[in-house]
Amino acid sequence: MDPLEAIVPIDGRYREKLEHLSAYFSEYALIKERVAVEVRYLMKFIEEVEPSKVSALPLSWKEILNILAEDFKIDDAKRVKEIEKEVGHDVAAVIRYLREELHKLEMGEIAPYVHMGLTSEDINNLAFSRLLLKFNKEALLPSLVGLLEQIAALALEHIDTVMLGRTHGVPAVPTTFGRFLANYAYRIAKISEDLHAFKFPGKLGGAVGDHSALKFSYPDVDWIEFSKSFVESLGLEYFPASTQILPHDRISEYLMKISLLDSILANLCRDLWIMSSLGIISFGIKKGEIHSSTMPHKSNPILLENAEGAFDLASAVLAYISRRLLSSRLQRDLSDSIIKRFYGLPLSLTILGITNLRSALGRMSVKKEEMRREVESHPEVLAEAFQVYMRKLGIEGAYEVIQEALKGGWNEVLEKLRSAVPKEVYENLMKTSPANYTGEAEKITLTLLDEVEKIYKRITESLSKTQP
């Protein structure tokens, strides 16, 4: 299929930026992961439950099975899909495929033990959790630490770049652009740390979660411990409160964290967009780009707007999925199956948003002098400083005095101040300019960036240890 024929834009218009995510969210990826889980289960089952079967197998039987799972190609997945058309069940198709392969490999002796005592959801929940685990470690966290590094560097660069703070959209008091960026870096870092520490769940339990068929057939085996050790061998956290399905509580928690992250990042995009519209930052236009089909002068923050839209859509879809999958009728219904297959939509949009936000930040130009001029053009931002200082001197009603004086303009404020405080105090207050009324902004920025750096190092060091 040509990408131009894709129904969903992540497989069409945006495929070039997102193609690598097919390793986690494509049908091929899911089938391959199912095969890997089935093979791992078969190996453990033969070794621990039916060890007498080992003598009939090649000496390298485990290596052969590992290769079968690791070398699973797209053509193998097509064979599974052919079987699925015949049997009408996706996991049953994997089971038949594996039995076929075992006979080809002259290991038909263990073919009856493929999927022994399991239900399809035993395989599906483990496959989905492992795919999300890989996505988290290999795609999402590396993207986030790259974004963190970029924002933190910009925050440090602009630690003393004064800008006009706005509340309710109107001038408030000065702050710094570095402080603004450090706030977002810290918030992103804290959620990134949660995502890094997240333990993906898994279960193994049969038709309704009670290991009934296995306990009936092999009463001497501790199937609870067997299942727990198997789930943990896959790098997952054992979840004991299962029915036929793995309850979605933990996965919903993971997806909701990303939904919150997307909302934060969308708000960052909006804040930067507002600054762009105010003319205090710009995002430029690459040579050869056209930002308007009719207005040659336009230079639009298109990457920022694209990122914002991606984040907003991702956040909404993730929030819906998180809530909806908590509901399952009695021990099992199939309404979750189609929803889980759309994990890739919001998670790919999240990666797209991060990619475009990083590109926008990479071409962002900060107009420091424009920021300073804007601050200095609003002397009224010192009204807060003056009324608080007057109250320090014991002047009751200082707030109301300054507020009333502001109606007559800033000169009226200065006259009121001159008449209300001693001459030496007045002269000292007059040395204050809007541009240096930034309080602890620089100190707070450094404190936030220090914490961001600690989190960044913990995540990057951990990721480097897990790389092959």
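Predicted model: local features only at pLDDT ≥ 70, side-chain atom pairs only at ≥ 80, totals over all residues.
Let's call a residue buried when its relative accessible area is under 20%, exposed when it is over 50%, and partly exposed in between, using a 1.4 Å probe and protein chains only.

Numbering runs from 1 along each chain as its sequence is written, and side-chain values use heavy atoms, with hydrogens and water left out.

**Whole chain.** Switch to cartoon and you have 20 helices and six strands (DSSP runs numbered from the N terminus: H or I of at least four residues for helices, E of at least two for strands). The radius of gyration is 30 Å, well over the 23 Å from the globule rule for 468 residues, so the chain is more spread out than a compact globule. That radius is taken over C-alpha atoms, and the rule is 2.2 Å times the number of residues to the power 0.38. Along the principal axes, the C-alpha atoms fill a box of roughly 100 × 55 × 40 Å.

**The largest core.** Now select Leu65, Phe135, Phe177, Leu272, Tyr343 and Leu357: of the 126 residues in the largest nonpolar core, these touch the most other members. A nonpolar core here is a set of buried Ala, Val, Leu, Ile, Met, Phe, Trp, Tyr and Cys residues joined through side-chain atoms within 4.5 Å.

Zoom in on Leu357. Skipping neighbours within four places in sequence, its contacts (heavy atoms within 4.5 Å) include Leu147, Leu265, Cys269, Ala307 and Phe311.

**A separate core.** Pick Ala385, Met390, Ile402 and Val425, which are among the 16 residues of another core lying apart from the largest one.

**Ser252.** Head to helix H11 (residues 249-278), where Ser252 sits. Is Ser252 buried or exposed? Its relative accessibility is 5%, so it counts as buried. Beyond four places in sequence, Ser252 is in contact with Ser322 and Leu326.

**Two loop stops.** Glu106 is in the loop between helix H6 (90-104) and H7. Though not a glycine, Glu106 has a positive phi of about 60°, and it is exposed at 70% relative accessible area.

Finish at His211, in the loop between strand E3 (201-202) and helix H9 (212-217). His211 is no glycine either, yet has a positive phi of about 60°; at 9% relative accessibility, His211 counts as buried.
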